[in-house]
Amino acid sequence: MRLAPLGFRLFALVIVAAGGLALYSWGKGHPQDLPWTPLILADATGRFTQYKIARLRDDFPGCRAVLDRGQVDYTVLTPVAAGGACGYDDGVRLGRDSGGVYAPRADTSCSVAIGLFLWEKQVVEPAAMRHFGQKVTRIDTFGSYACRPVRGGREGRWSEHARANAIDIAAFRLADGRRISVAGGWTRTDADGAFLRDVRDGACRMFSTVLSPDYNALHRDHLHLDQASRGGWGFCR
Ligand SMILES: [Zn+2]
């Protein structure tokens, strides 16, 4: 009668080992879906991509290491000390080869730059090909750094813009010269509207906060993307 429990224990051990092995080999093929693997910019975005970017928010050397490992061309910006809640010391500007289509140039916190790098390559470019069959040649922005509180927010709450940890996206210029703006295209039911919704939804995989015209009237003409610390939880609307 002792053999049965032992046999059962062996059987359970084999099941656990097989399960562990299966998880291990699955994880090897999906590092972006595991929380403990390093962020690799060449990987597809996965379940934990946004969590990994958020962790870099207060780790400038770690954030730069991700850019360096991805052979991203960028420059470090001179720190800005504006007193109080304003200023930044983790600003970068992506080079032309690595994300040079922003106008004006996107000078943002390192973790926003990582979000923009991934968003452009994995969301914006494929969406433009899908909906219009052409490339995006320029992304118009309303800028990143602005020493101001949250518009329409509670008094004294500072915007992520005050730390260059946000960027507002206004429009996308296509190769044929057409301009798809958030203000003009959001409510349309054609390719323009579908494209804008796709790039909004896709941004949620690499930014901790994404606000669109669906959120409130203050965002009727732009997409607000930021990397606010949210304890790993995103807000996307
Ligand atoms: Zn904004």
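Q: How many bridges join β7 to β8?
A: This is a predicted model, in which local features need pLDDT of at least 70 and side-chain atom pairs count only at pLDDT 80 or more, while totals for chains, interfaces and linings use all residues. Residues are numbered from 1 along each chain as its sequence is written, and side-chain values use heavy atoms, without hydrogens and water. Strands are DSSP runs of E with at least two residues, and helices are runs of H or I with at least four, numbered from the N terminus; two strands pair if DSSP finds at least two bridges between them. β7 and β8 run antiparallel, and the bridges that join them number 6.

Q: Which residue in β11 stands opposite isoleucine 167?
A: β8 also pairs with β11, in the antiparallel sense, over 4 bridges. Opposite isoleucine 167 stands leucine 225.

Q: Which residue in the hairpin of β8 and β9 takes a positive phi?
A: β9 (residues 179–181) pairs with β8 in the antiparallel sense over 3 bridges. The hairpin has 4 residues between the strands, and the positive phi, near 95°, belongs to glycine 177.

Q: Why is β8 largely enclosed by the rest of the structure?
A: Buried means under 20% relative accessible area, exposed over 50%, and partly exposed in between (1.4 Å probe, protein chains only). β8 is largely enclosed because, of its 9 residues, the number buried is 8.
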